Amino acid sequence: MKQNYQKLLDETIARAEKNHEVPTLLLHSCCAPCSSYCLEYLSDYFRITVFYYNPNIYPEEEYRMRAEEQRRLIARLPAKHPISFAEGSYEKERFYETVRGFEEEKEGRERCFRCYELRLREAAGEALRLGADYFTTTLSISPLKNAEKLNEIGERIASECGIAYLNSDFKKRNGYKRSVELSEQYGMYRQYYCGCVFSKRQRDAEIAARAAAEAAEPAVPEAAGLAEAAGKERLQEKRK
């Protein structure tokens, strides 16, 4: 039976409110745009530490740009409860070792699942170090990310590490749409690919293929277009 992760999140928040509690949350963030809705929503109920750990991002300049954009958003976003920032290490070789053998897979398959686990394990460790009540990730807000797999991995890591995973599917309730609106509102940099070199190659290839297909479409000669328009006008006159 498919789980309703938004309902589980609602229940967790309702319990905390009933007990007049404001739990602490370690929120792994993949990027500022994806975190925007999550922070706007969750900061009403949690004291949040945003954990930016993304060794998958390529190239390093892109990583630095996204990290800085995350800091900038946190500084500007109004929040009921405090939001702090922690940055993990940029361990790109660790990422490549994690996904070795799955480099040619398309986005959304085993390579991505391994990347999810790498980042969630690091987030769980940071949550334990900080003494947070929960940990979770912004990743489920993307329409391209598998929320069921993310929650499955998060729950497994939680049981191994002894810290609670905050079940969530942030694309629900128009979360992704709201993140786009907030990105525009705050003038945020929105990347065109997920992050790793493999997703960049796939996205670049898709863009090139679409451009080639559009270029191959036969253009309608201007004279033919004018003649067609004139013919339609004559037909309309006859119908009057």
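In α2, the residues P33, S36, Y37 and E40 touch G175, R178, S179, L182 and S183 of α7, where contact means heavy atoms within 4.5 Å. Sorted by class, this contact has 3 nonpolar, 4 polar and 2 charged residues. Here Ala, Val, Leu, Ile, Met, Phe, Trp, Tyr, Cys and Pro count as nonpolar, Asp, Glu, Lys and Arg as charged, and the others, Gly among them, as polar.

This is a predicted model, in which local features need pLDDT of at least 70 and side-chain atom pairs count only at pLDDT 80 or more, while totals for chains, interfaces and linings use all residues. Residues are numbered from 1 along each chain as its sequence is written, and side-chain values use heavy atoms, with hydrogens and water left out.

Helices (H or I, at least four residues) and strands (E, at least two) are DSSP runs, numbered from the N terminus. The axis of α2 and that of α7, residues 175–185, come within 8 Å and cross at roughly 110°. Axes are lines fitted to C-alpha atoms, for helices over the stretch in contact, and angles run from 0 to 180 degrees between N-to-C directions. α2 and α7 are therefore roughly perpendicular to each other; angles under 35 degrees count as roughly parallel, over 145 as roughly antiparallel, 65 to 115 as roughly perpendicular and the rest as oblique.

Next, the other helix pair. α5 (residues 110–130) packs against α6 (residues 147–161) at an angle of about 40°, with the axes 10 Å apart. That makes α5 oblique to α6. The contact of α5 with α6 divides into 9 nonpolar, 1 polar and 5 charged residues.

Now the sheet. How many strands form it, and in what order? There are 5, in the order β3-β2-β1-β4-β5, making an open sheet with parallel pairing; two strands pair if DSSP finds at least two bridges between them. β3 (83–87) and β5 (164–165) stand at the edges with a single partner strand each, so one side of each is left without a neighbour in the sheet.

β2, residues 47–52, pairs with β3 over 5 bridges. Along that pairing, I48 stands opposite I83, and T49 has S84 as its bridge partner.

Back to α2, residues 32–42: this helix lies across β1, β2 and β3, at about 170° to β1.
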